[in-house]
Amino acid sequence: MLNEQKDQIVRAIKEEMQAKSLSQNAWATKKGISKSHMSNILNPDNWAKVGERTWNVLANKVAAVSLGSSLYPTSNMRIITAACQDAQINKRVVAISGYTGAGKTTALKDYDSTNFNTHYLVCRSSFGVKDMAINIAESMGVQAKSGRTIDIEDAIIEKMNNSSESLLILDSVSKLRKDAALQFIGDLCEATENKAGIIIAGTEFLSDYIGKMVQRNKRGFRELNRRIYAWTNLPSFNTPKVQKEAIAICKNHGIWNEQQVKTILKKSTCFGSLHNSIDKMKKAIGN
């Protein structure tokens with residue numbers, strides 16, 4: 001980021017501090033920034049100590065600089081962003097359910113990269129309870145007193161409960177094969193209730209499976225389901241609105257020919273395959 005943009009951000013921060021009668025430390029605490037880091041941000045001589053991601057997040061926070069984005073703002077992306085904001089600001093557990101290739105991971109990573117106090121983890125099918133605990137702790141940069149799972153869990157809970165507007169984003173939760181790993185997520189939801197936000201994202205299988213386990217009265221699933229404030233379901237790729245967005249993405253990539261666009265849409269079943277089809281078309285037409 002250019003120094004001119006950094007200067008705009010700093011001026012916007014100072015204006016906000018003045019408008020809301022906030023001290024430097026109070027503004028930093030509200031935004032989830034350490035006091036020492038805040039000093040570096042406000043001092044041009046120390047800007048080299050401030051990472052690029054921090055500047056990008058600050059720009060988003062104060063709306064001081066338009067950095068642009070290569071991501072097309074699909075309705076799915078807006079829905080996911082709104083769900084993350086709801087979970088983070090209101091300290092809720094929000095679940096997101098959508099087909100493979102709906103853009104969940106792209107939107108969740110984008111939210112993580114443009115907001116403070118967010119912790120993103122993509123789950124793996126092999127994760128057990130301790131794997132979940134270790135990887136969540138690493139995403140937060142926390143260390144436990146020992147390698148015991150309970151100590152790692154306690155460190156995670158302490159970090160989430162004591163941070164301003166903390167949000168844990170768990171992606172691909174539907175891949176988890178071990179019920180104990182899902183029950184561990186339920187334990188986190190219970191321990192951080194009304195103190196931190198949690199996003200649980202996966203395919204339609206996730207909501208179906210949790211519902212099935214609730215009906216079977218499987219241990220821990222009623223508790224997990226009760227603490228999910230809302231299920232956010234993404235619209236099908238074949239809906240007229242999403243298809244219009246797919247056409248707009250084609251044009252955004254320089255493909256305006258109606259027949260070429262129709263060919264791309266015919267071969268696309270999701271946003272993932274859409275981008276693959278666009279790349280193939282661009283190569284075919286020498287673009």
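Biologist: How many bridges join β3 to strand β4, and which way do they run?
Modeller: There are 4 bridges between β3 and β4 (residues 197-202), and the two strands run parallel. Two strands count as paired if DSSP finds at least two bridges between them. Strands (E, at least two residues) and helices (H or I, at least four) are DSSP runs, numbered from the N terminus.

Biologist: What kind of model is this?
Modeller: It is a predicted model, where local features need pLDDT of at least 70, side-chain atom pairs count only at pLDDT 80 or more, and totals for chains, interfaces and linings use all residues. Residues are numbered from 1 along each chain as its sequence is written, and side-chain values use heavy atoms, leaving out hydrogens and water.

Biologist: Back to the strands. Which residue in β4 stands opposite Leu167?
Modeller: Gly197 faces Leu167. Further along, Leu170 stands opposite Ile200 in β4.

Biologist: And how does β3 pair with β2?
Modeller: Also in the parallel sense. β2 and β3 (residues 167-171) share 5 bridges. Tyr120 has Ile169 in β3 as its bridge partner.

Biologist: What holds paired strands together in general?
Modeller: Strands of a sheet pair through backbone hydrogen bonds, parallel or antiparallel.

Biologist: What is the order of the whole sheet?
Modeller: β2-β3-β4-β1-β5. This is an open sheet of 5 strands with parallel pairing. β2 and β5 are the edge strands, each pairing on one side only. On average, neighbouring strands are turned by 15° against each other, direction ignored.

Biologist: How many residues of β3 are buried?
Modeller: 5 of its 5, so β3 is mostly covered. Buried means under 20% relative accessible area, exposed over 50%, and partly exposed in between (1.4 Å probe, protein chains only). Leu167, Ile169 and Asp171 point one way from β3, while Leu168 and Leu170 point the other way. In a regular strand the side chains alternate between the two faces of the sheet.

Biologist: Why is β2 largely enclosed?
Modeller: Because 4 of the 5 residues of β2 (residues 118-122) are buried.

Biologist: Which strands does helix α9 touch?
Modeller: β1 (93-97), β3 and β4. Contact means heavy atoms within 4.5 Å. Helix α9 covers residues 179-191, and its direction makes about 155° with that of β4. Axes are lines fitted to C-alpha atoms, for helices over the stretch in contact, and angles run from 0 to 180 degrees between N-to-C directions. Helix α10 lies across β1, β4 and β5, at about 105° to β4.

Biologist: New topic. How many aromatic pairs are in the whole structure?
Modeller: The search finds 4. Rings of Phe, Tyr and Trp (its six-membered ring) pair if their centres lie within 6.5 Å; planes under 30 degrees apart are stacked, over 60 edge-to-face, and the rest tilted. One of the pairs is Tyr209 with Phe221, edge-to-face, at 6.0 Å centre to centre and 80° between the planes.

Biologist: Which parts does that pair tie together?
Modeller: Tyr209 lies in α10 (residues 204-215) and Phe221 in α11 (residues 221-227), so the pair links parts that are 12 residues apart in sequence. Phe221 has 1% relative accessibility, so it counts as buried.

Biologist: What about Phe237 and Phe271?
Modeller: They pair edge-to-face too, at 5.3 Å centre to centre and 90° between the planes. Phe237 is in the loop between β5 (230-233) and α12 (240-252), and Phe271 is in α14 (residues 271-284), so the pair ties together parts 34 residues apart in sequence. Both residues are buried.

Biologist: Which residues form the aromatic cluster?
Modeller: Phe205, Tyr209 and Phe221.

Biologist: Now Glu153. Where does it lie?
Modeller: In helix α8 (residues 149-161). Glu153 is buried, with a relative accessible area of 13%. Leaving out residues up to four places away in sequence, Glu153 touches Phe184, Asp187 and Leu188.
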